[in-house]
Amino acid sequence: MAKERSEDEQIETGEQAAEVETPDAEEQHAAEEALAEELAADRDADKEAALEEEIASLHQQLADHKDMVLRAQAEVQNARRRAQQDVEKAHKFGVEKLIKELLPVVDNLERALSTIDISDESQKAVVEGIELTQKSFIDTLVKAGVEVVNPAGEPFDPELHQAMTQVPNGDVEPNTVLDVFQKGYRLNGRLVRPAMVVVSKAP
């Protein structure tokens, strides 16, 4: 009997102990759940921060690539523009070397005319032939874009004229072209050869 009571007492004591321990276990379980939730929230926050950082990096890469594309397009446009300008210059000035080589021929025709006695009837046919040849030659040069620079009586322009000498002259303004030794020529606005001139100066 005493033994049965002892066992009953032990059972009751165990139940009481279990009842006492149960609140602690629940609190521990709640604490574990709270910790798990906190850890999960931290992980979510870390993931969100990582995603935001990755998105910011991708936005920066996109902006960099857009900038690179714009720069490449600008370089292509500049290259195309330069190529077009080179082609235009080639069309305009591709014959410059040939023009320079032909100009002495024009000079020789002019010298031939200046040495012939125009009043001599026997030389009339020769003069007409040289004049027609010279005119035809000049017309061909003009069609190619050549412009004659013959500044007699005009103010001296150092960009177009080359002064060979200065002569005192009170009848005209100083720095006026009195005489042209050799005509100048321009090709599409670019000076091919300056005119060689005599310039006036104050007496």
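1. A helix here is a DSSP run of H or I with at least four residues, numbered from the N terminus. Keep in mind, as you read on, that this is a predicted model. In helix 2 (residues 96-115), K100 and E96 sit four residues apart, about one turn of the helix. The two form a salt bridge, with their closest N and O atoms 4.0 Å apart. K100 is partly exposed at 45% relative accessibility, whereas E96 counts as buried at 15%.

2. Helix 3 (residues 124-143) holds D139 and K135, which are four residues apart and so separated by about one helical turn. Their salt bridge has its closest N and O atoms at 3.0 Å. K135 counts as exposed at 51% relative accessibility, and D139 is partly exposed at 34%.

3. R71 is exposed, at 55% relative accessible area, while D67 is partly exposed at 36%. In total, the structure holds seven salt bridges.

4. The R193 side chain makes a polar contact of 2.7 Å with that of D107, and a polar atom of the R193 side chain lies 2.7 Å from the backbone oxygen of K183. Beyond four places in sequence, the contacts of R193 include L103, Q182, G184 and Y185.

How values were computed: Residues numbered from 1 in each chain as written. Predicted model: local features only at pLDDT ≥ 70, side-chain atom pairs only at ≥ 80, totals over all residues. Heavy atoms only, no water. Polar contact = N/O pair within 3.5 Å; in protein donor to acceptor, adjacent residues only side chain to side chain. Contact = heavy atoms within 4.5 Å. Salt bridge = Lys/Arg side-chain N within 4 Å of Asp/Glu carboxyl O. Buried < 20%, exposed > 50% of the residue type's maximum accessible area, 1.4 Å probe, protein only. Helix = DSSP H or I, 4+ residues; strand = E, 2+ residues; numbered from the N terminus.
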